[in-house]
Amino acid sequence: MSKASAYFTLDGLSDKHDVKAIKRELDTLPGVLSVSVSDDSKRVAVDFDTTGVQTDRIGKRLEKMGYQIRDTKTENHVM
């Protein structure tokens with residue numbers, strides 16, 4: 001398994017409802033291991049197995065939910 005983390009800085013994230021919706025939606029993607037949102041509700045961190053999903057697919061899902069992505073950073077973890 002090859003793991004990576006993606007960090008998305010979003011516009012339009014406003015409350016706990018948004019946070020729950022993002023976690024619920026991204027958890028349905030195959031390969032997503034964990035989803036967390038920063039305390040200021042602007043940055044979403046996703047740990048995932050790269051054999052199941054890629055950063056661009058996660059980003060597209062966030063955009064489909066109506067969020068605008070201002071910045072994306074991906075870190076690959078060597079095992």
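First, the ground rules. The model is predicted, so to speak of local features we need pLDDT of at least 70, side-chain atom pairs count only at pLDDT 80 or more, and totals for chains, interfaces and linings use all residues. Residues are numbered from 1 along each chain as its sequence is written, and side-chain values use heavy atoms, with hydrogens and water left out.

Now the fold. The protein chain has two helices and four strands. Their order along the sequence is β-α-β-β-α-β. The radius of gyration is 12 Å, close to the 12 Å from the globule rule for 79 residues, so the chain is as compact as a globular protein of that length. Helices (H or I, at least four residues) and strands (E, at least two) are DSSP runs, numbered from the N terminus. The radius is taken over C-alpha atoms, and the rule is 2.2 Å times the number of residues to the power 0.38. Along the principal axes, the C-alpha atoms fill a box of roughly 35 × 20 × 20 Å.

Contacts next, meaning heavy atoms within 4.5 Å. Take those between residues at least 6 apart in sequence: 64% join residues at least 24 apart.

On to burial. Of the 79 residues, 39% count as buried. Buried means under 20% relative accessible area, exposed over 50%, partly exposed in between, with a 1.4 Å probe and protein chains only.

Which residues touch the most other members of the largest nonpolar core? They are Leu-10, Leu-13, Ile-22, Leu-26, Val-44, Val-46 and Ile-58, out of 19 residues. The elements giving two or more residues to this core are E1, H1, strand E2 (32-37), strand E3 (43-49) and helix H2 (55-64). E1 gives the most, with four residues. A nonpolar core here is a set of buried Ala, Val, Leu, Ile, Met, Phe, Trp, Tyr and Cys residues joined through side-chain atoms within 4.5 Å.

Look at Val-44. Leaving out residues up to four places away in sequence, its contacts include Leu-10, Leu-13, Ile-22, Leu-26 and Val-35.

Two more residues. Thr-55 sits in helix H2. Thr-55 counts as buried, at 16% relative accessibility. Beyond four places in sequence, Thr-55 touches Ala-6, Phe-8, Phe-48, Thr-72 and Thr-74.

Ser-14 lies in the loop between strand E1 (3-11) and helix H1 (16-26). Buried or exposed? At 58% relative accessibility, Ser-14 counts as exposed. Ser-14 and Lys-42 are 28 residues apart in sequence, yet 8.4 Å apart in space, C-alpha to C-alpha.
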